[in-house]
Amino acid sequence: MGRRGDSGTAIVATGLVKHYGDVHALDGLDLEVQEGTVMALLGPNGAGKTTTIRVLTTLLKADTGTATVAGLDVVTDAAELRSRIGVSGQYSAVDEYLTGFENLDMVGRLYHLGAKRSRARARELLERFDLVDAGDRPVKGYSGGMRRRLDLAGALVADPPVLFLDEPTTGLDPRARIDLWAVIDELVAAGTTLLLTTQYLEEADRLADRIAVIDHGVVIERGTADDLKSRVGGSRIDLTLATAEDLSTAVEILGRPAGEVTADESSRRLTLPASDGAITLSDALLALRERGIVPTDASLAKPSLDDVFLTLTGRATADDTDATDATASASTGSAR
Ligand SMILES: Nc1ncnc2c1ncn2[C@@H]1O[C@H](COP(=O)(O)OP(=O)(O)O)[C@@H](O)[C@H]1O
Ligand SMILES: [Mg+2]
């Protein structure tokens, strides 16, 4: 994704600390987001993502440290700041018993848009988020994806220049996730500064210009998605061959153009980088097929948050997370 308009800094956080007794939710967090860019805060459950969003959106006061959003201090300018931002997240403010339209209209009133503008804005957003048909039904009957879209629409009612999305796609099925990504793309193309949190490396890669990896309330790594992937390694293909002979032939065939093939003779498994993802996988399968070789198992494994943490910290994310990225499998496909 290109960087749009780098005129200034939209979000600056310096040394944010927030302790709950012994729990160090934030432990000296520093963050900077340029105007018109997308920053992803990537981290496992409990890393401090929501706490960061809450501090930056004035919902929570840090113990120490300072932060400004759109040039306004999160403590001393809190009221004015709130009118310049949109927030959408896990703690969704959507009212179940109101319709989609009524929810958006209500947000417009809260932002003092006035009755006429609030209604017009609600209709406009329902259209934009593909909720026109559902707009006059109570939210109670909405699917997970529809709720997220409505929640996101709510964050946009006042057309804020800075937007915060806390785990926008967690819990959504792959289809709904892709739809939501497309909506987020549009926002970003329009110049909105976006800070989003996620547990998915794939999502950070897809949406963000820059990524800050957060662990125990501090940023442990920052850079572009490419920086991070070059440290962690990109997608790879895992193949299992039927015989030792097939394995050595496969190494010979795939080793030439792709390079970096590793083979394990005892398990008859072969691994190679998938620079073009599924295309590399299908090319590899075709090349083998031409020589009469069909693997007993073939899968495409994308690097996950766990891979990032192993690389950066030497340990896996905590066991209670559900932070595994989707692993796309082909044919017999084992989930690695
Ligand atoms: N109100 C609270 N009281 C006590 N502990 C909290 C509170 N809010 C968050 N925490 C703790 O702070 C840490 C960071 O939480 P959070 O910011 O929600 O992480 P994330 O959003 O990355 O999952 C976690 O250990 C969490 O249990
Ligand atoms: Mg959270």
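The legends below describe close-up views of a predicted model of one protein chain.

Figure 1. The chain has 336 residues, and 48% of them count as buried. It holds eleven helices and 15 strands. Along its principal axes, the C-alpha trace spans about 75 × 45 × 40 Å. Take the contacts in the chain with a separation of 6 or more: 69% of them join residues 24 or more positions apart.

**Figure 2. Helix α1 and its buried residues.** Helix α1 runs over residues 49-56. Six of its eight residues are buried, so the helix is largely enclosed by the rest of the structure. The buried residues are K49, T51, T52, I53, V55 and L56. Just after α1 comes T58, which takes a positive phi of about 70°.

**Figure 3. T51 and its contacts.** T51 lies in helix α1. Its relative accessibility is 13%. Buried means under 20%, so T51 counts as buried. Which residues does T51 touch, leaving aside its neighbours within four places in sequence? The contacts are K18, A25, L26 and L60.

**Figure 4. Packing of helix α3 on helix α4.** Helix α3 spans residues 100-110, and α4 spans 115-128. Their axes are 8 Å apart and meet at an angle of about 135°. The two helices are therefore oblique to each other. Their crossing is right-handed. From α3, the contact draws on G100, F101, L104, D105, G108 and R109. From α4, it draws on A115, S118, R119, A122, R123, L125 and L126. By class, the contact has six nonpolar, three polar and four charged residues.

Figure 5. Phi of D130 is near 60°. That is a positive value in a residue other than glycine. Most residues other than glycine have a negative phi. Is D130 buried or exposed? With a relative accessible area of 63%, D130 is exposed.

**Figure 6. Helices α5 and α6 side by side.** Helix α5 covers residues 144-156, and helix α6 covers residues 174-189. Their axes come within 10 Å and cross at roughly 15°. Angles under 35 degrees count as roughly parallel, and α5 and α6 are therefore roughly parallel to each other. The crossing is right-handed. On the α5 side, the contact is made by G145, R148, R149, L152 and L156. On the α6 side, it is made by A176, L180, V183, I184 and L187. These residues divide into seven nonpolar, one polar and two charged.

**Figure 7. E167 and D173, in the loop between β7 and α6.** Strand β7 runs over 162-166. E167 is found in the loop between β7 and α6. Phi of E167 is near 45°, a positive value in a residue other than glycine. At 4% relative accessibility, E167 counts as buried. D173 has its place in the loop between β7 and α6 too. D173 is partly exposed, with a relative accessible area of 46%. Along the chain, D173 and G144 are 29 residues apart. Their C-alpha atoms are separated by 8.6 Å.

**Figure 8. W181 and the residues around it.** W181 is found in helix α6. Its relative accessible area is 7%, and W181 is buried. What does W181 contact, leaving aside its neighbours within four places in sequence? The partners are T169, E202, E203, R206 and L207. G36 gives a reference point elsewhere in the chain, 145 residues from W181 along the sequence. The C-alpha atoms of W181 and G36 are separated by 17 Å.

Methods
Residues are numbered from 1 along each chain as its sequence is written. Chains are lettered from A and ligands numbered from 1 in the order in which they are written. This is a predicted model: local features need pLDDT of at least 70, side-chain atom pairs count only at pLDDT 80 or more; totals for chains, interfaces and linings use all residues. Side-chain values use heavy atoms; hydrogens and water are left out. Axes are lines fitted to C-alpha atoms, for helices over the stretch in contact, and angles run from 0 to 180 degrees between N-to-C directions. Helices (H or I, at least four residues) and strands (E, at least two) are DSSP runs, numbered from the N terminus. Angles under 35 degrees count as roughly parallel, over 145 as roughly antiparallel, 65 to 115 as roughly perpendicular and the rest as oblique. A crossing is left-handed if the near helix is turned anticlockwise from the far one by less than a right angle, and right-handed if clockwise. Contact means heavy atoms within 4.5 Å. Ala, Val, Leu, Ile, Met, Phe, Trp, Tyr, Cys and Pro count as nonpolar, Asp, Glu, Lys and Arg as charged, and the others, Gly among them, as polar. Buried means under 20% relative accessible area, exposed over 50%, partly exposed in between (1.4 Å probe, protein chains only).
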